[in-house]
Amino acid sequence: MSSEITSPKDVKDSIRRISPELLIKKYFQQLTSGCGRKNCSNKKCVSGGFVAMNCEDAAVMALKCIIEKAQICEDQVDPITSSDQVLSYSYIKKLIESCDNGNFLPLLHILGKAFSSPDLMNKSFIATKNIIPNSPESIIPLDYNEVIDFYNLLLQLELEPIENVIINGIIALASSFEIKLKTNTLFDKTDLNQFVIILLNPNLHSPEYFECALPNILQALVSLPVNLQAILATYLSKLSSSSLKKILDVFQQLITVRILTGPHATNGTFVNDDRNITNSIKMIKIIYYASILGGDMEKTLKYSHSADKKNSHDIVELSRATSPKNTCVILEDFLEVDLSRCRKPLIPYDDFINDCLNDAIEMSVDYSNFKHGNDKFSFLHFPFVLKTSTKTLGLFYDNRVRMYSERRITLLTGLLQGHIPSPYLKLVVRRDHLIQDSLVGLEMVAQDEPEDFKKQFFVEFEGEQGIDEGGVSKEFFQLIIEELFNPDFGMFTLNETTRTYWFHPTSFEAASQFMLIGVLFGIAIYNSIILDVRFPAVLYRKLLGYSGKFEDLSSSHPEIYFSLNQLLSYNGNVKEDIMASFQISYSDMFGSTVSHELIEGGKDIEVTNQNREEYVALYADFILNTSVKQQFDAFKKGFDIVTSHSILKKIFRPDELELLVCGSQIYDINELENATEYDGGYSKDTPVIRYFWQVIHEMSSDQAKQFLNFTTGSDRVPVGGLSKLKLIIAKNGEDSDRSVKKDPWISSVEIIKLELPVSDRTIRRRAVEAGLFSRRPANFTKEPEEKTPVCYISY
């Protein structure tokens, strides 16, 4: 018996026998997924070679097929009358084995029915036996391995109709969920099963899903109530890092595709207005928290510092105050997750960053959306997808808005009072009284007009002429940091192993001195100045509100950390073998030994296997918190005076804050060369320029630091790399008429005026190095009777 209706009379007779509704369904199935037979010859069927259509186009084409009386594959089964079968690996395997002669039509109908039905999906692949505690199944009772095996089984068939059936089913599933939302139907935990089954699809990254299926189900996912999003994040946190990374990559790929081919590429629409991109970010938020929950957390010792919860609470409250519409905070509350405890997430932080997205973000628009708290989307609400350089640009806009605001307020106040005060924060200091003058000047500002710290910062050295366009401020910071961190000054101790400084617990300096350093930190960040300071990573954690913990000792006091770690892992009898008590010793300013009891009566309490965790926690707390509380609190007070109400603490992680303050030490000279501009007739192909860069590339690491310090006033690389420096090389001689415009996101503009001989490489090298490192003209004679070639590099 023929499986197809081919003659005109057969077509007409068949159409008369089939109701219009069912007829549309049959054509729709042919156009989207096909009849499932490998030998199908129907030109209007996907199984016969017809290109599968999306749902909207297929619905229109189905109506045309009725009018044209197009051919129908008779073997199709009415999907409405097919049995309601939940999915399981064993059932699908048997079904595939029962398909005769490659006719997979029954399989297609079962898959189509199940994937389009929320009830069937939620009942599929249920795990009922041997659920392991702390496994994915313990959160959502879905058999993870069975789902993966199911998809692998389907992939082995290599049938395009199967993919089409699943895609169309997902679209229908999303529509059902949207109806449920509009009717205010209550959701429960079982509703998550359908989404997990879809997220585990290994083919979800295929382009076929990006057009309609993935965006639709993504809209449903981000519309889930926040309590269900928290459960989903917890489930995902139980997956392996590789499995979770595959899910993340799907949405990263969707973002990239949308940026390169979507409305942003075609008509310049802001990425903030592309719903597929913003929904992907919201889904990545769930994956981000899953990565945190599933990562390596700091050791939970049998002791908790009283300030821990308060500090975490302060951070959450700051987030709310800064950004009331930040849904990350709401999800964080439901998950009860403490971001500070995660030492290593399941997925590295950098994997959440999409370079294509960061390049496409218009920060002026994004910051406006963020600042005004409107309903428009802002990526600053989701800082984990932003590069540090992108966040820095956001911070720049925030700082400049505050500077201009203070400037306007100052001018308005001056007009009302009859005199106009300076719209800038200007500090006049004497070189031989640098700390004293700075302390007095900044203390007066802190007491009288603390809001003046929000103004643009300028420095003037008394008795010296010059306009501070950045260089004088950099010199000021360099000089005062050198003095404040001088070991003879007694404010900090230097760890010889890590070459980092920490607060001296017995320093005689007043709290105002430490507050000064905190103010300087804040001013430097506020004015995009990199400081040559070397603090351990724990300082930046504490500045963001976290307490120092045992793990932080690894970077600040590695010797103590190693000893305490050995104590925790010691298998013998701690009391008899180690013979330690809850009293520790350290050196004061004069090198004398000072004893301190970690708890009352600690000298008489021995450390045992039972209380060693408490001992370690108390020891770490004393070193990082208690012993330096007075000094650090003053330091943080100064820092907060400048950075209060800033988005700094909202968007930067501790390691990024360190990079923002200190810069990087990764020197990529190629970046600097590619970003350099030329003036006075020079170009990158001019022989003297080629020689110049050849010498620079051959420099040692220390020489590269000197070169960078000469041109910018600091040997640290700004956030974003050396490409953020704007270096201009011009011919020596009369000043060029060229006006140099400093773009707001460029770290600095430096001009090198260069004149080099084009022969004798040795002379060129000596001339360049002497000119760079001595800051004065260098004269070298090749032969006594020859004219001396001179290298002028002016700064």
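A crossing of two helices is called left-handed if the near helix is turned anticlockwise from the far one by less than a right angle, and right-handed if the turn is clockwise. The exercises below apply this and related ideas to a predicted model.

**Exercise 1.** Describe how helix α5 and helix α8 pack, stating the angle, the distance between their axes and the hand of the crossing.

*Solution.* Two packed helices are described by the angle between their axes and the distance between those axes. Begin, then, with these two values: α5 (residues 105-115) and α8 (residues 144-157) pack at an angle of about 140 degrees, and their axes lie 14 Å apart. Because angles over 145 degrees count as roughly antiparallel and 65 to 115 as roughly perpendicular, this angle makes α5 oblique to α8. Finally, the crossing of the two helices is left-handed.

**Exercise 2.** Find which residues of α5 and α8 make the contact, and sort them by class.

*Solution.* On α5 the contact is made by L107, L111 and F115, while on α8 it is made by F150, Y151, L154 and L157. Sorted by class, the contact of α5 with α8 has seven nonpolar residues, with no polar and no charged ones.

Notes
Residues numbered from 1 in each chain as written. Predicted model: local features only at pLDDT ≥ 70, side-chain atom pairs only at ≥ 80, totals over all residues. Heavy atoms only, no water. Axes fitted to C-alpha atoms, helices over the stretch in contact; angles between N-to-C directions. Helix = DSSP H or I, 4+ residues; strand = E, 2+ residues; numbered from the N terminus. Parallel < 35°, antiparallel > 145°, perpendicular 65-115°, else oblique. Contact = heavy atoms within 4.5 Å. Nonpolar A, V, L, I, M, F, W, Y, C, P; charged D, E, K, R; others polar.
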